Amino acid sequence: MISPPRLDAVPKVTGKARYAVDVRRRGMLYSALVRSERAHAMLGIIDTSRALRLEGVVAVVTGDDLSPLFPRYGHIIPDHPILALGKVRYMGEPVALVLAEDRYAASDGAELVEVSYQDLPAVMDPEQALAEGAPLLHAQDYGVGDRSFEEAHSEPRSDNVCHRVELSWGNVDQALARADLIVETCTDYPMLYGYAMEPYNALADFEDGYLKVITTAQHPFMVRDDLARVFSLPLSHVRVTSPYVGGGYGTKSYTKVEPLAAVGAWYTGRAVKVEFDATGAMLTTRADSARVTIRSGFDSGGRLLARDVSLTLDTGAYADNGPLVLSKASNRSFGPYRNQNVRVRGRAVYTNTVPSSSYRGFGAPQVSLASELNMDQAAQQLGIDPAQLRRRNLIPPGERHYPGKRPMDADLAADLDLLLEGLGWEAPCQEGQGIGFGVTASDAGAYPVSTAAVKILPDGSVLVSTGSSEMGQGSRTALALIASRELGVPLEQVAIAQSDTHATPYERTSGASRTTTLTGLAIQRACAELLSRLEMAAAEVKGGPLTEIKAAEGMVVGPWGDVSFGEVVRGWFGGNLGELAATGVVRRVGELQELPPFWEIGVSGVKVSIDPDTGQVSLLRLVTVADVGHAIHPEMLKGQDVGAATQGLGAAFFEELVYDGPQLVNPNLVEYRVPRAKDMPPEIVTIVAERGDGVGPYGAKGGGEGTLNPIGGAAAAAVGRAVGRWPDRLPLTPERVWRMLRGEEN
Amino acid sequence: MIGADVVEIAPVINDREVFLSVPVRMTLAEMLRDRLDLFGVKLSCEMQVCGVCTVLVDGQPVSSCTYLAADADGRRVSTIEGLAEGEQLHPLQQAFVDHFALQCGFCTPGFIMMAKHLLDRSPDPTRDEVVEYLDGNLCRCTGYAPIVDAVLDAAGRLRAEP
């Protein structure tokens, strides 16, 4: 297909695109947070008197003020206090919310709030958290969906494990015992910050009996559910709207600052704006770091016999999406390989650090580093070309590699061949250079629930309505394109409304690479229903049997000739009135019964060059393969692929959140370095493989995370081949590479 | 803050002189956003690293997150809102559209203003010069390559203009 301009491009290049952070209300209050200065402590007295005396300060809200409410949130485990309740669990946790007439009074007021603490021993990493006798972060079991704060105290917890996964089939021990070769790989994936450039912010107001929140959220319907529980409101009485989202990448999945703004509005009766800078955002959420150990058994011919995986995620102080990240990490840890014997044991562990949540590909980048390096190490030990070793084991199309899950809906071996050609794998590398690559398959798409509405207006123009957010991935354009194609109405005549829980249909989430596939299907179904309504309306207006009337390509054709969609609408309602509407629904039935809705394929690689004197790694080439079934908009797809891979390169070479004792020492964009223009390789090759093998519109399936998933392993392998030693952690900073070159431990 | 020191200033914003009374601690970005509704000016790192708040002051790029509004008195400030002529996009804007040089768009105004400064000084830059010049603007979505392509394309379009 051709790639028309993005529908959001002109607003974004002229500065007219409105993001949540740009939305104001007359008379709204500004806010500033008082954050915990301790990693783990009981809260003593919070003295707000000096702050309240400051001119312009209207109120200071603390956890004690929240007793009439359900004071916590969390879509899986509601363990996250809106403001600390008696105890703080990480340095930077919100303790008090200062509300003032302007931003300066708010920040000055926050400086004047005095908090006393009684320190508790802190656990700063999973090893400390899992040690015998370690202090517990959470002494209570919060239950799931529990509405009562008091009752939630009922069951005590005995350890700091937030979530556990045990997964197995076959007999791993037996298979390892008869293996010709066992290869063990242990890797550390760094603690990351997703850095969406629009930091977390929300505007909340109680108006007409409704709680109205405008926020930079990917999943407004999930935020609505959390807010309704906090205030005991019917879901119908919470309106969450997401305008253009200034970057998401999973970091804006689920509830973040919306409850803070909402309790501020509830407490003062006025509109309240909560805005963070990047440092505030870095103290709000991050991505899980991971230690992953993989033991694989092979026969002498390179056939994978068994994989035994153990993985530990550092989930931080609150669960957020941690349990699901662990579950996905587990599902993604044994690779896209035919394997009769698999065992995965995973733990997500509470620590006194910033809570972690989703970040693009979640779970997959963490485990693929170990999983794919393990294949490279095995290939080396077996004396088999690493591409050949993968070809021998890759799951073929239509075969099931994970019991109970959808069979493989991709041709991985063909994708790998495209990648290797792009990388120039067969040509020898110069001294100090290396090539690395990887193949991953993620259970993506999330749970398949989407609804969408499409309307034909009396002038024949089309309005698409969806709860899916535009966060840069291009859903606005891709979804409008699908409606345009289905109805045969020019794209210029299609408008799209997005992400307003009062005005747009239910959408589970905008994540897991699901939008084009699942929301796209919902729109496709709505269009089919709409066409049949147009036929019925035309039959009524113009006469003739339904069997001889066909709506397609922008016209309704019948025995009486062609009429436009607009004429049918006007004829049916009279005058210039009315509209015809239809809803499309996606549920877990039929072709979507089997999960995942699709396997998201990640096939990418890099070529690097290393400066032996400094350890500096230069990227020479990046190659990505998009195995997406069908590219609805090829240019946006390529943009997603390079962007995702670039974030992977950030983790591979630059990015790492660093704790020194209780304190996160680099919560800023100076010391947390993300990829810059000069870091990018001079050669970027984006390959699109279209085989129509997805369940989505025209055989499409999701993309946008895939190319990131294998990048860490690919980068490590490339550096490993250039240096002659395999790395066991990321990022591969110049110092680490320099030490590797000198033969020192990482 | 209320009742704190304020100064009277008269900057020229996108070719229009404005008279404002601003707190001495107000940043230029806050003034442009909070007082003048110029929301194309974005804020992110708020420490001169990310480039999303880049505007031109007397033709020079500055990080408006850390430039005081008071210091803009009597100076010419250009923001993304002043670039297009009516419905007619500036060649840089059109090139960003054509090259899909944006995704979420949050960094886009900063990149375009920085690129404008480059092309004002150097109408025919090499690819390396563009990359060097834009190294102080962060983008998390695109991987930069389409942005560099757009700037080079815009340079060509501007040179071809009469």
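**Domains and interfaces**

Mentor: Start inside chain B. Three residue pairs are in polar contact between domain 1 of chain B and domain 2 of chain B, both residues at pLDDT 80 or more. Keep in mind that this is a predicted model.

Trainee: How many salt bridges are there between domain 1 of chain B and domain 2 of chain B?
Mentor: Zero salt bridges there.

Trainee: Which strands of chain B supply at least two residues of the domain 1 side?
Mentor: β5 (54-57) and β6 (60-63) of chain B each do, on the side of domain 1 that touches domain 2 of chain B. That side has seven nonpolar residues, seven polar and one charged.

Trainee: And where do the domains of chain B run?
Mentor: Domain 1 covers 6-81 and domain 2 covers 91-160. Their C-alpha centres lie 22 Å apart. In the contact, 15 residues of domain 1 of chain B meet 13 residues of domain 2 of chain B.

Trainee: What area is buried between those two?
Mentor: About 1,200 Å² between domain 1 and domain 2 of chain B, with 68% from carbon and sulfur atoms. On the domain 1 side, Thr54(B), Leu56(B) and Ile80(B) lose the most area to domain 2 of chain B.

Trainee: Switching to chain A. Which domains does the assignment give?
Mentor: Three are listed for chain A: domain 1 (9-121 + 204-275), domain 2 (363-444 + 598-741) and domain 3 (450-592).

Trainee: How far apart are the centres of domain 1 and domain 3 of chain A?
Mentor: 38 Å, taken over C-alpha atoms. The contact takes 20 residues from domain 1 of chain A and 20 residues from domain 3 of chain A.

Trainee: What is the buried area for domain 1 and domain 3 of chain A?
Mentor: About 1,600 Å², and carbon and sulfur atoms give 55% of it. In domain 1 of chain A, the residues that lose the most area to domain 3 are Gln218(A), Phe221(A) and Arg239(A). They account for 37% of what that side buries.

Trainee: What does Arg239(A) form a salt bridge with?
Mentor: Asp500(A), and their closest N and O atoms are 2.6 Å apart. The count between domain 1 and domain 3 of chain A is one salt bridge. There are also 11 residue pairs in polar contact between these domains, both residues at pLDDT 80 or more. On the domain 1 side, α6 (220-231) and β13 (238-241) of chain A each supply at least two residues.

Trainee: Now the two chains. How many residues are in contact?
Mentor: 62 residues of chain A are in contact with 50 residues of chain B. The chains bury about 4,500 Å² between them, 59% of it on carbon and sulfur atoms. Val13(A), Tyr104(A) and Met197(A) lose the most area on the chain A side, together 18% of what that side buries.

Trainee: How many salt bridges cross the interface of chain A and chain B?
Mentor: Seven. One pairs Glu655(A) with Arg140(B), the closest N and O atoms being 2.8 Å apart.

Trainee: Which element gives the most to the side of chain A that touches chain B?
Mentor: α16(A), with eight residues. By class, that side of chain A divides into 29 nonpolar, 16 polar and 17 charged residues.

Notes:
Residues numbered from 1 in each chain as written. Chains lettered and ligands numbered in written order. Predicted model: local features only at pLDDT ≥ 70, side-chain atom pairs only at ≥ 80, totals over all residues. Heavy atoms only, no water. Domains from an automatic or database assignment. Contact = heavy atoms within 4.5 Å. Buried area = accessible area lost by both parts, 1.4 Å probe. Salt bridge = Lys/Arg side-chain N within 4 Å of Asp/Glu carboxyl O. Polar contact = N/O pair within 3.5 Å; in protein donor to acceptor, adjacent residues only side chain to side chain. Helix = DSSP H or I, 4+ residues; strand = E, 2+ residues; numbered from the N terminus. Nonpolar A, V, L, I, M, F, W, Y, C, P; charged D, E, K, R; others polar.
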